[in-house]
Amino acid sequence: MGIEFRNVGKTYPDGTTAVRDFSLDVPSRSTAVLLGSSGCGKTTLLRMVNRMVDPTEGAVLVDGEDVAQAAPVGLRRRIGYVMQSAGLLPHRRVIDNVATVPRLNGADRREARSRAQEMLEIVGLDASLGRRYPDQLSGGQQQRVGVARALAGDPHILLMDEPFGAVDPLVRRELQTEIMRIRTELEKTVVFVTHDVEEALTLGDQVVVLREGGEVAQTGTPRELVEEPADAFVARFLGIGTGERSLSAHRRATGGWAIEDPNGRPLGVVEAGALSSGATSAPGTVPPAHEAAPPGSNQLGHGRSPGQRRPSGDEPGA
Amino acid sequence: MSVDWILENRAHLLTLTVSHLGLSLPAIAAVLVLSVPVAVLANRLRPLRGVIVSGTGLLYAVPSLPLFIVLPVLLGTGVRDAVNVVVALVLFGMALMVRSVADALDSVPAEVRLAATAQGHSAWGRFWTVDLPLAGPALLAGLRVVSVSTISLVTVSAVLGVQSLGSLFTDGFQRGIIPSIVSGVVITAALALAADLFLMALGRALMPWQRTGRGSAS
Amino acid sequence: MNQPAAALHLLLDPATWSGPAGLGARVLEHLQYSLLAVLLAACVALPIGFAVGHFRRGRNLVVAASGTVRALPTLGLLTLVALFTGLGLLAPMVALVVLAVPSVLAGAYSGVESVDENVVDAARAQGMSRWQVLVTVQIPLGLPLILGGIRLASLQVVGTAILAAYVGAGGLGAPLFLGLRTYDYPLLLAASAVVIVLALVLDLAFGTAQRLLRRLPGLRGGT
């Protein structure tokens with residue numbers, strides 16, 4: 001179940017290869033993040049799931065069935081899709097934008113609208129916004145509408161293509177939090193494409209780091225990536241060893257450690273006794289991140305509230 | 001036999017081609033020379049802009065044949081006078097051009113203009129070295145449309161008795177000579193195509209873009 | 001009495017407008033010809049234009065073909081066809097449709113193409129079929145440009161429909177050519193004035209329609 005990429009590749013007629021021999025298993029109700037800079041084929045991979053792109057080699061399986069056997073239009077109606085530019089229909093009210101898929105699936109207008117109204121609430125938008133047109137909303141609100149639209153058909157798969165790439169960092173944090181809540185509440189399987197390392201580590205159950213030409217550099221949990229980057233490319237991409245992600249710890253008078261980010265801003269504390277063995281020797285300054293961040297702090301991205309995080313400035317691909 | 005007709009009438013065809021060009025080329029040249037100052041005027045005198053732009057737009061809606069007929073009243077010429085045709089064609093060309101040239105001149109980025117002024121260009125010098133070259137592509141595109149439509153429109157004046165390649169249509173129709181009409185169509189289309197290609201080549205020669213565009217501005 | 005005044009006098013005389021050969025009947029004929037020609041042109045050009053705009057293929061071919069067709073002098077085409085079909089409405093219809101097709105075509109494909117690619121992509125990704133994308137997204141959002149093409153074609157056709165009378169059909173060309181043949185300058189002038197007014201009114205109507213269209217949400221930026 002879930003989504004399975006089986007040795008997929010994509011070579012365009014002009015000979016350029018966007019993706020080669022890519023395999024990935026995305027278990028049901030988990031989130032996989034495809035992380036890489038532009039030109040790494042991450043969007044191509046995402047679009048193979050709903051057949052916006054057909055692979056030239058291999059197969060993509062959804063719930064064990066090859067999508068190549070499914071009619072594209074029907075398939076897309078069963079899979080939610082959110083993109084960077086929300087891509088809302090400018091000539092339709094917000095409510096009708098959200099009602100698109102239910103309408104396509106044959107629901108009558110009233111039924112589709114009430115479904116859409118529900119979705120607006122789920123993504124945290126006031127019901128009154130439904131009567132507006134997309135141009136009358138802020139970028140963040142449009143993005144929420146985009147998510148609501150993707151959810152309206154009640155798909156169990158959600159494809160998200162840099163959905164928060166165009167909104168400002170503060171709003172991005174908010175939206176990321178919303179997405180984490182929604183996917184848990186609604187039990188969605190999510191494939192998420194981004195070039196933002198923080199976003200990938202925050203959202204992914206597993207993260208695939210891609211290099212140019214759709215080659216996998218490393219696949220793993222956020223923790224695995226940070227603790228054991230497969231090679232220099234991954235380490236550099238994640239900002240490990242460059243100082244970008246290096247935390248420092250200072251002994252507290254009351255015991256334990258105070259953890260600071262690379263700018264010397266306090267991030268939190270590690271209580272005495274929370275440290276696992278091997279990390280007890282006092283790390284005076286600037287140890288590599290995977291040594292400095294004690295397990296108790298639950299790794300980068302996961303244990304901290306959004307407010308404590310430094311604004312994202314580490315986008316190697318941007 | 002159609003070849004025979006063409007060979008027999010080649011002197012006539014040449015005469016008509018010459019008078020066709022005699023009507024259309026001055027008109028095209030006048031459009032080029034007149035539409036730029038009018039466009040500049042429209043941009044300088046803001047209140048006039050709306051009047052000029054919508055006025056020329058309205059003019060474009062006026063059909064050609066009736067204009068050929070009405071103009072003599074204003075010009076004091078005869079209906080079959082070639083001057084009417086040229087003036088009408090110029091008005092049409094302007095209707096097409098003035099707006100696009102005014103828009104193009106208007107869209108020269110303010111900072112480019114400011115930079116040119118800061119470098120000590122006079123308003124006049126700036127117009128020649130900055131505004132006009134940057135508006136060049138729009139000017140050329142407009143002129144290409146104008147030249148093709150002008151060369152084609154001239155033929156209509158034949159129904160009024162003005163000599164041009166259009167006379168081949170009226171004569172051919174009245175006397176049932178198919179080769180006359182066909183050669184008229186072919187020559188007219190060839191002239192239009194030639195004018196278009198010539199202007200395109202001229203544009204390439206005058207505006208190798210990196211030199212005229214950025215070079216003069218920075 | 002000078003000629004413009006004579007023409008005006010003619011236009012103000014009810015007798016000029018009544019009867020089967022009166023200006024009233026001629027205006028109606030003229031509008032019928034024009035409407036028919038634009039409708040036929042739309043039937044040909046809109047589907048082709050929509051397809052070219054939607055599939056984004058064949059644009060160069062269409063542009064080249066339109067360019068060639070535009071270079072054809074309408075009077076030449078009209079007289080040529082008329083030599084084969086004889087006097088009547090068929091030849092003017094062919095000529096007018098050929099005249100109108102390139103403008104309608106250009107409006108249709110540029111209208112469909114002008115729609116934000118992201119919006120189209122999103123619509124497809126939500127599961128709209130190609131047909132649904134075209135009909136519910138691209139055509140409505142491209143309407144200002146599509147209508148612009150029809151507007152231009154209509155103006156060209158109304159102006160050129162005069163020539164129908166040159167090969168024996170009716171319309172406002174009939175009094176115009178009559179005036180020309182009989183050196184009746186006031187009649188010539190009056191008929192010309194009516195055509196001009198007709199064209200301006202049509203232009204105004206289309207302009208108003210386009211302005212109203214742009215008031216609709218989502219169509220503001222329709223260039």
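Buried area is the accessible area (1.4 Å probe) that two parts lose on being put together, summed over both. That is handy here, since the size of an interface is often given as the accessible area lost when the parts come together.

What you have above is a predicted model, where local features need pLDDT of at least 70 and side-chain atom pairs count only at pLDDT 80 or more, while totals for chains, interfaces and linings use all residues. Residues are numbered from 1 along each chain as its sequence is written, chains are lettered from A and ligands numbered from 1 in the order in which they are written, and side-chain values use heavy atoms, with hydrogens and water left out.

**Who touches whom**

Taking contact as heavy atoms within 4.5 Å, two pairs of chains touch, and chains B and C make the most contacts.

| Interface | Residues in contact | Buried area | Share from carbon and sulfur |
|---|---|---|---|
| chain C and chain A | 18 residues from chain C, 24 residues from chain A | about 1800 Å² | 59% |
| chain C and chain B | 34 residues of chain C, 35 residues of chain B | about 2800 Å² | 83% |

**Chain C against chain A**

On the chain C side of this interface with chain A, Ala125(C), Gln126(C) and Pro217(C) supply 33% of the area that chain C buries, more than any other three residues. There is one salt bridge between the two chains, a term that stands for a side-chain nitrogen of Lys or Arg within 4 Å of a carboxyl oxygen of Asp or Glu. It joins the side chains of Arg47(A) and Asp121(C), at 2.7 Å from N to O.

Six residue pairs are in polar contact across chain C and chain A, both residues at pLDDT 80 or more. A polar contact is a pair of N or O atoms within 3.5 Å; within protein, one must be able to donate a hydrogen and the other to accept it, and residues adjacent in sequence count only if both atoms are side-chain atoms. Helix H7 (117-125) and helix H8 (130-160) of chain C each put at least two residues on the side that touches chain A. H7(C) has the largest share, six residues. Helices here are DSSP runs (H or I, at least four residues), strands likewise (E, at least two), numbered from the N terminus.

**Chain C against chain B**

No salt bridges turn up across this interface: the count for chain C and chain B is zero. Two residue pairs are in polar contact there, both at pLDDT 80 or more. On the side of chain C that touches chain B, H10(C) gives the largest share, nine residues. That side has 28 nonpolar, four polar and two charged residues. In this scheme Ala, Val, Leu, Ile, Met, Phe, Trp, Tyr, Cys and Pro count as nonpolar, Asp, Glu, Lys and Arg as charged, and the others, Gly among them, as polar.

**Sheets in chain A**

Chain A has an open sheet of six strands with mixed pairing, in the order S6-S7-S8-S3-S9-S10; strands pair if DSSP finds at least two bridges between them. Strand S6 (79-83) and strand S10 (215-220) are the edge strands. Strand S9 (residues 206-211) runs antiparallel to S10(A), joined by five bridges, and Val208(A) has Thr219(A) as its bridge partner in S10(A).

Another open sheet of chain A has three strands, S11-S12-S13, with antiparallel pairing. Strand S11 (248-251) and strand S13 (266-270) each have a single partner strand, so one side of each is left without a neighbour in the sheet.
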